[in-house]
Amino acid sequence: MTHTSRKFSGVFAVTLAVLVTVLASPVAWAQASGMSAKPLLRTSLSDDTSKDTVMLAVEIAAGGTTGRHFHHGDEYAFVLQGTLELVAAGRETRRVTVGDAFHNPRGLIHEAKNAGDTPVRLHIVFVVDKGKPIIESVAK
């Protein structure tokens, strides 16, 4: 194996490991359909090292959904493109679009669905318990 091949293999392995760690277990994403997430940042919360702050760039294809899930911490999201329908336990269904921001508190069971004809793009920041998956799916 050449030096370049070994370097590429190493970078690929690290990238894959980061994706798996950041995005949680495959089971957690089993309900998601037409969704992709790119990790942008993961770091400990400054004043509480028992928490991680995670930033993701998320895209949900037309007709796509996150599936029903919850988080081990708070989720803060900003819509960059498209229209998203938010369905959450105990709350009215609502739509958010370009320029809107929303917050889902720890433990809230919710689902986000693309309500338009174009992909939805979001930036999401999570403040979650260290060592826990970012997302946990919930059966319907």
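I started with Gly99, which comes out partly exposed, at a relative accessible area of 42%.

Next I looked up where Gly99 lies. I found Gly99 in the loop that runs between β6 (94–97) and β7 (101–104).

Which residues does Gly99 touch, once those up to four places away in sequence are set aside? I noted Phe78 and Val79. I also checked Leu122, 23 residues from Gly99 in sequence, and read a C-alpha to C-alpha distance of 9.9 Å.

Then I stepped back to the whole protein.

On burial, I have 32% of the 140 residues down as buried. For the accessible surface I wrote about 7,900 Å², with 59% of it belonging to carbon and sulfur atoms.

Last, I turned to confidence. The average pLDDT is 84, and 78% of the residues score at least 70. Where does pLDDT stay under 50? I marked residues 4–30, for which the model has 25 contacts beyond four places in sequence. Low pLDDT means the predicted coordinates should not be read in detail, and I left that stretch there.

Technical notes
Residues numbered from 1 in each chain as written. Predicted model: local features only at pLDDT ≥ 70, side-chain atom pairs only at ≥ 80, totals over all residues. Heavy atoms only, no water. Helix = DSSP H or I, 4+ residues; strand = E, 2+ residues; numbered from the N terminus. Buried < 20%, exposed > 50% of the residue type's maximum accessible area, 1.4 Å probe, protein only. Contact = heavy atoms within 4.5 Å. pLDDT = per-residue confidence, 0-100. Areas by Shrake-Rupley, 256 points an atom, 1.4 Å probe, with all protein chains shown as cover.
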